[in-house]
Amino acid sequence: TAPAPLLRLQNVESAYGPIKAIRGVSLKVQPGEIAAVLGSNGAGKTTILKTISGILDPRRGNVEFDGVDITANDPAAIVRRGMVHVPEGREVFALLPVRENLLMGAYTRSDSDAVARDLELVYNYFPILRERANQDAGLLSGGQQQMLAISRALMGNPKLILLDEPSLGLSPRLTKEIFEIVVRINRERGTTILLVEQNANMALNAADFGYVLENGRIVMEDTCANLREKDDIKEFYLGMK
Ligand code: ATP
């Protein structure tokens, strides 16, 4: 039997005033895997992540993380449980140096030796951040800011990272580089990752399990290996016909 999921959504519905953005979403993320939610612009991907991390309260349904119902928890309480959300657009602290941004990611931790080790670890994943450690984060390129945002999340030593459109606005080369490191983080550290992406090709290659979201509903779910072979996916998401 499969281990208990690290994250489970059951019948989650979230809305902005009268606009229902997600309509009864159920999904699971198993510990140690990379899961992906694919969907076009406006499908509700960002709304799913905001609902999971507590930025948005769902109208219905529930969210369980690590065996605990967190539906009513606020974002800070959810971070303390070991979940970090990397939002779309990165939201780095532009006027703080790169190193300070990274240390902000470790604010819930008190073991300074372990924090120093993790700082070294993220510098090894993204050597450019070591080179730019003392520069203000606002001076980094978009791709470097994405690296910083992912690294800042890692500094919290989370069990689960939520990644919103890591490829947004990046060149194909940088996108590939970032996805390779996301996979390495997952393989080497065992960090579970839930990412949402419009770039289906990248997401299906990096993730183990995938969900396809259309108009706020999950319309397909399978291993990414299987999804890559489906005609609908090839035609509508991979542009192969
Ligand atoms: P994108 O790739 O553009 O981020 P998405 O799949 O993440 O798309 P969401 O941002 O979750 O989609 O949006 C889902 C729906 O909710 C869309 O119809 C969108 O217009 C609507 N929506 C999102 N945010 C708000 C908001 N703050 N107020 C009102 N409607 C919103």
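R8 stands opposite E64 in β4, where strands are DSSP runs of E with at least two residues and helices are runs of H or I with at least four residues, both numbered from the N terminus. The model is a predicted one, in which local features need pLDDT of at least 70 and side-chain atom pairs count only at pLDDT 80 or more, while totals for chains, interfaces and linings use all residues. Residues are numbered from 1 along each chain as its sequence is written, and side-chain values use heavy atoms, with hydrogens and water left out.

Strand β1 (residues 7-16) is joined to β4 by 5 bridges, and the two run antiparallel; two strands are taken to pair if DSSP finds at least two bridges between them. β4 (residues 60-65) also pairs with β5, again in the antiparallel sense, over 2 bridges. In that pairing E64 has D69 of β5 as its bridge partner, and F65 stands opposite V68 in β5. The hairpin of β4 and β5 has 2 residues between the strands, and within this hairpin D66 takes a positive phi near 55°.

These strands belong to an open sheet of 4 strands with the order β2-β1-β4-β5 and antiparallel pairing. Because β2 and β5 (68-69) stand at the edges with a single partner strand each, one side of each is left without a neighbour in the sheet.

Turning to the ligand, 14 residues surround it, and the closest are N41, G42, K45, T46 and T47; a residue is counted as near if one of its heavy atoms lies within 4 Å. An oxygen atom of the ligand is 2.5 Å from an N or O atom in the side chain of T47, and a backbone N or O atom of G42 lies 2.8 Å from an oxygen atom of the ligand. A polar side-chain atom of Q198 lies 3.4 Å from an oxygen atom of the ligand. The ligand has 630 Å² of accessible area on its own, and the protein covers 63% of that area, as computed by the Shrake-Rupley method with a 1.4 Å probe. By class, the shell divides into 4 nonpolar, 7 polar and 3 charged residues.

What volume does the largest pocket have? It comes to about 550 Å³, a pocket being an open set of points on a 1 Å grid over the protein atoms alone, with protein on both sides within 12 Å along at least five of seven lines, and lining residues having an atom within 4 Å of a point. The lining of this pocket consists of 24 residues, of which V79, V84, H85, P87 and R152 lie nearest its centre. Elements giving two or more residues to the lining are α1, α2 (75-80), β6 (83-86) and α6 (142-154), and β6 gives the most, with 4 residues. The lining holds 13 nonpolar, 6 polar and 5 charged residues.

There is also 1 cavity of 30 Å³ or more, a cavity being a set of grid points where a 1.4 Å probe fits but cannot get out. The largest cavity is lined by I150, I161, L163, V182, I185 and I193, and the lining divides into 6 nonpolar, no polar and no charged residues.

Definitions and conventions
Polar contact = N/O pair within 3.5 Å; in protein donor to acceptor, adjacent residues only side chain to side chain. Nonpolar A, V, L, I, M, F, W, Y, C, P; charged D, E, K, R; others polar. Points joined across faces, edges and corners; volume = space filled by probe spheres on them.
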